[in-house]
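Thanks for coming. I will take this one a piece at a time, so please keep the structure open while I talk.

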Amino acid sequence: MNAPSPDGYTTADGRSIGPVLMEMKNITLRFGGVKAITDISFDIREGEIRAIIGPNGAGKSSMLNVISGFYVPQEGEVWFRGARRPAMKPFQVARQGIARTFQNIALFEGMSVLDNIMTGRLTLMKSGLMAQALWWGRAEAEETAHRAEVERIIDFLEIQHIRKTPVGRLPYGLKKRVELARALAAEPKLLLLDEPMAGMNVEEKEDMSRFILDVNDEFGTTIALIEHDMGVVMDLSDRVVVMDYGKKIGDGTPDEVRSNQAVIDAYLGVAHD
Amino acid sequence: MTDAVAQPAPDSGPVLGPATGPASIPALLARNAARHGAKPAWREKEFGIWQSWTWAEAAVEIRAMALGFLARGLEPGDYVAIIGRNRPQLYWSMIAAQMCGAVPVPLYQDAVAEEMAYVLDHCGARFVIAGDQEQVDKVLEIQDRLPAVERIVYLDGRGMRKYDHARMDALAALVADGRAASPERGAELDARIAALGPDSTCVMLYTSGTTGKPKGVVLSNRNIIETARNSSEFDGLRAGDEVLAYLPMAWVGDFIFSIGQALWTGFCVNCPESPDTMMTDLREIGPTYFFAPPRVFEGQLTNVMIRMEDAGRLKQWLFHRFMATARRVGPAILDGRPVALSDRLAYALGDLLVYGPLKNTLGYSRIRVGYTAGEAIGPEIFDFYRALGINLKQLYGQTEASVFITQQPDGEVRSDTVGVPSPGVELRIADNGEVFYRSPGTFVEYYKNAESTAATKDAEGWVATGDAGFFEEGTGHLRIIDRAKDVGKMADGRLFAPKYVENKLKFYPAILEAVVFGNGRDRCTAFVNIDLAAVGNWAERNNIAYSSYQELSQHPDVRGMIKAHIAEVNASIAADPMLAGCQIHRFLILHKELDADDGEMTRTRKVRRRVIEEKYVDLIDALYGGVASIQTETEVTYEDGRKGHIRATLVIEEAAVVAGGQRMAAE
């Protein structure tokens, strides 16, 4: 399985994975003299759950920020849906169909869960600012349609009971779920999850894992995630990229990665001399 | 669907003549589709909106479902297990199964796989209708031991795309097949519906039972329909009433309310969006007929009191001022007794300022008839709701009676009785105090258990309730003291009625559960479970830090509070010479909540005395020994069925006892 065919492959559990959705080619990212990412290449295929793992400071979040367009790499190319992506503002990337969640939750604390998720559909709304403000013309019909979609996501993520609760009053685990809901509301082609399980207890982790799998299964969403918890990553992902000190040290199925000596060294801490 | 609204009759199966009345649930459905065709029959909140189905629409859906079952090979006499939360489609599947001549067997959805295995195996269910993946997974886990299960039909297919579908169906697909099969199978279905009579089995319900394995209670159409008719007439229930279906579908009460009475009267059954939204949905629907076990009313009252403590001073003053008025005259006004004009005016003002808004917040604005049963309700709690003008009443019933044994008529409501015999019910009290009844709702038999049937129901149809009670002189109301088998004797021959004491303890908000011991002993002792919500809130107010349930439960101040409560209870028990021996001498606060998953309680939250006595034998010994504290280790079962252990050191407290009766009590 080291080199999947251009048309995709079939996973162990029988899901068929499509062609390449996003390809990172020889990405290098520097902050001044510090190299955060050094010459990394990998691809993300349609319908797959792709994990990026690595010890602290390995450059995982930087990588996610390159994918989301927040950082523009000094070297290398980002290809998305068969075209090379020029340097873009994050909102332009969002319009291309990439949505994300954040390691430190970034929701509107004073707004209700429902309103927060509705903001996820902003990039899909067509009516103008005035029409929306005045609730006039197609703005009304449009909002009804968007609300219906949002309700589907609320149902899917089982957060009906907090629909009208201000986000600031919610416990951490639920906030994470609301953030996932908002990202889903954008109907992304590619969903980026930045440490979706960070700070959760075992039960919350299990819930979140189930939701991630269900999202992938139900909506066919391609998911790229960064995660610390190795157990979670190995259970969830189809393929895993392992980073250490800004370099890629492994790439493959969870089983391949698990038996990769470089990966074991990175995690168990071999002296670097 | 529009066709069906216009012409429900031709496709709705046979209706029996007016002389006998409809003799089965499917016949009642057909009658309702014709009589109340355009009125809402079921509603469910989904995607944030109340979706509704009229009787005519529901009749069409249910018929299609029944045809789908036929197409999958469901035979008369088969058993169909239904597992899931309250949803219209699951209620429909019960009626659809009946149409095919099969018997629906609803199961408790929170039962772990092991418990389900027993019931599924015992009834030999061929079809299982499961609400969602969680329930399907449980069935798949035990399917190797269930050779009879042929098909699993699920309602919400989420997460199951990759499952092997050789023996599984989505309910929607089955209904679609049923629609397609309508022309060739319609006649067969009509014949099966026509074959249903008053003596055909309507439903089989497994009693959770405080001892031993669950028993399958077989209830006939006659049981259900006559009981539904009698009880609906007793309270004047009618089409246009609204109920919220949120209690377990496997419980007989839900079957009577959401199927029996709903089909008999044609009222509308509303299903909540999810178990967590029940309170919001309750407020949105504003039911006119409502049932809740005492713990729901207790929980709501606790919430109200907690929130009032946080309210501004004006609001607090208004609340306490007008609640005092309400407690004084509210119940009398509700019962239609004479009340002074000045009090009526004060009450009217209170209704405007306090009671009305409060009822609205609770979702009780429109209640005409409210019931509570299952456990004793605290008089303060009961009176609080009555004072607000909510017609909350008590009933006494059990699965074997199709619920109703006694009910309180309007205007004769008190917290310490369970009312007069329901219409058509005969009652007698045996010499040992046990209550016996005979009624149209009396069950047919325990399935595959002739021995238990014979032990419970005699040849003349009298059924032992297992409860001890007596008729109150003057009013003729029944009062229940305790389970007959739990009523015992203490070593010196005095009466031991643990539940009577436990109920008194549980009326305190801080106490969630209590278990009293003392049968055959010289004095009584008790386990107490604290209520985490109430005590946690109290701790917060009093700046008491705690990190876990266990730590909070053993906090000296918490122990002091419970000790004070027990002293009060002891004083009130001592006032009754018959029961004075039941005063609690020593107690301890348990380090974990008693839980159905650990087998310590039934699914309906009744204490399983024998299990607890075995499991905590070390703690009981300590209570009767002289020690001041004890170290213990307890096995707990998590929600997913895994097991773990918790260790704790429990302090044993002495409680103040009032001297009296035949001997001095305290040392």
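I start with helix 6 of chain B: strand 3 (79-83), helix 5 (113-123), strand 5 (127-130), strand 6 (151-154) and strand 7 (168-170) of chain B are among the elements that cover its buried residues. Helices (H or I, at least four residues) and strands (E, at least two) are DSSP runs, numbered from the N terminus. Helix 6 spans residues 133-142, and its buried residues are Gln133(B), Gln135(B), Val136(B), Lys138(B), Val139(B) and Ile142(B). Buried means under 20% relative accessible area, exposed over 50%, and partly exposed in between, with a 1.4 Å probe and protein chains only.

Some housekeeping. This is a predicted model, where local features need pLDDT of at least 70 and side-chain atom pairs count only at pLDDT 80 or more, while totals for chains, interfaces and linings use all residues. Residues are numbered from 1 along each chain as its sequence is written, chains are lettered from A and ligands numbered from 1 in the order in which they are written, and side-chain values use heavy atoms, with hydrogens and water left out.

Now the cores. A nonpolar core is a set of buried Ala, Val, Leu, Ile, Met, Phe, Trp, Tyr and Cys residues joined through side-chain atoms within 4.5 Å. The largest one has 118 residues, and Trp42(B) and Tyr385(B) touch the most other members. Helix 3 (residues 55-71) of chain B supplies the largest share of this core, ten residues. At least three residues come from each of domain 1 (2-276) and domain 2 (291-483) of chain B; domain bounds are from an automatic or database domain assignment. Another core, of 44 residues, lies apart from it and includes Ile53(A), Val167(A), Val178(A) and Met197(A).

Next, the rings. Rings of Phe, Tyr and Trp (its six-membered ring) pair if their centres lie within 6.5 Å; planes under 30 degrees apart count as stacked, over 60 as edge-to-face and the rest as tilted. Over all chains there are 24 aromatic pairs. One of them, Phe257(B) with Tyr289(B), is edge-to-face, at 5.7 Å centre to centre and 85° between the planes. Phe257(B) lies in helix 10 (residues 252-266) of chain B and Tyr289(B) in strand 12 (residues 289-291) of chain B, so this pair ties together parts 32 residues apart in sequence. Both Phe257(B) and Tyr289(B) are buried.

On to chain A, which has an open sheet of four strands in the order 4-3-6-7, with antiparallel pairing. Strand 4 (34-45) and strand 7 (83-84) of chain A are at the edges with a single partner strand each, so one side of each has no neighbour in the sheet. Two strands pair if DSSP finds at least two bridges between them; strand 3 (residues 20-31) and strand 4 of chain A have eight, in the antiparallel sense. Helix 1 (residues 60-67) of chain A packs on the sheet and touches strand 3, strand 4 and strand 6 (75-80) of chain A. Contact means heavy atoms within 4.5 Å.

Leaving aside neighbours within four places in sequence, Asn65(A) is in contact with Phe70(A), Tyr71(A) and Arg100(A).

Last, the domains of chain A: domain 1 (1-97 + 189-273) and domain 2 (108-187). Their centres, taken over C-alpha atoms, are separated by 27 Å.

Terms used
Axes fitted to C-alpha atoms, helices over the stretch in contact; angles between N-to-C directions.
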